[in-house]
Structures are given as C-alpha cells and as structure tokens.
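Look at the structure below and follow the explanation with the sequence at hand.

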Amino acid sequence: MVLFPGELSMELLLVPSEKTSGSGTQKLICSGWGFNPLIKWRSGSEQRSAADNERRMGEDGHVAVTSRITVTQQEWNEGKDFMCEVIDNVLQKTVRKSTSLCTGRL
C-alpha cells in the first residue's frame, strides 16, 4: 500500500465462518497504516479487547498494525454493530469503519 505523508488508512475484514447457527464464532480483522496507529474495537458503547495485535514497520517509515477480535455467533446473528477505530496521535487523525450482519457491509 502506498501512503502519502500525513495519510492514515484502514481496512476492516470479516473472516468467513462455516457455522451460521447460534454456536461458533465470527472473526473480524482490522488493519491500519500511519506513523503510530493504535486500534480500538467497540460494540455499541462497550470497548472490546482484541485477541491479538501485530505491528510492523515499512521501509518508508509507516507503521502497519493488525488487530483481531472474535465475537460469538450469537452476537453476530443478533445484528450487533462492531466498530474498528484507528487513531494516530502523530498525524492527529482518526478513521472508523463498522460492520454487522444487518448492514451486510464493511
């Protein structure tokens, strides 16, 4: 990915699940690129803890961070909204994306 100076970007992905009944889990992956990106997850007003976070620095000095959360299939099927927020205090910018079963979008 090519970033311009002062740019902050992100992607939010839903990992396909084989189970669609009330059991099982859904996985969401959020990736952010900037100079010092930090990822936060929310569902409604509740902050969610990430299963894991991974950081790496590119040759151009930008940092990429990837974060994953796992939600229950029941939460997903109820249509709860899950938001990924990427904050970069160096760039003083924040970007957000959200998804849910009901919106059917990322």
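The protein chain exposes about 6,300 Å², and carbon and sulfur atoms supply 49% of that area. Accessible areas are calculated by the Shrake-Rupley method with a 1.4 Å probe, and for residues only the protein chains shown count as cover. The model is predicted: local features need pLDDT of at least 70 and side-chain atom pairs count only at pLDDT 80 or more, while totals for chains, interfaces and linings use all residues. Residues are numbered from 1 along each chain as its sequence is written, and side-chain values use heavy atoms, with hydrogens and water left out.

Of the 106 residues in the protein chain, 39% are buried. Buried means under 20% relative accessible area, exposed means over 50%, and partly exposed lies in between (1.4 Å probe, protein chains only).

Helices (H or I, at least four residues) and strands (E, at least two) are DSSP runs, numbered from the N terminus. Among contacts in the protein chain with a separation of 6 or more, 58% are between residues 24 or more positions apart; contact means heavy atoms within 4.5 Å.

Which cysteines does a disulfide join? Cys30 is joined to Cys84, with an S to S distance of 1.8 Å. A disulfide is counted here when a pair of cysteine sulfur atoms lies within 2.5 Å, and the count by this rule is one. Cys30 belongs to strand E2 (residues 25-34) and Cys84 to strand E7 (residues 82-88), so the pair, 54 residues apart, links distant parts of the chain. The torsion about the S-S bond of Cys30 and Cys84 is about -75°, so this disulfide is left-handed. Cys30 counts as buried because its relative accessibility is 0%, and Cys84 is buried at 0% too. Cys102, at 64% relative accessibility, counts as exposed.

Cys30 and Cys84 are also among the residues with the most contacts inside the largest nonpolar core, together with Ile39, Trp41 and Val86. This core has 15 residues. A nonpolar core is a set of buried Ala, Val, Leu, Ile, Met, Phe, Trp, Tyr and Cys residues joined through side-chain atoms within 4.5 Å.

Arg48 lies in strand E4 (residues 46-48). Is Arg48 buried or exposed? Its relative accessible area is 15%, so Arg48 is buried.
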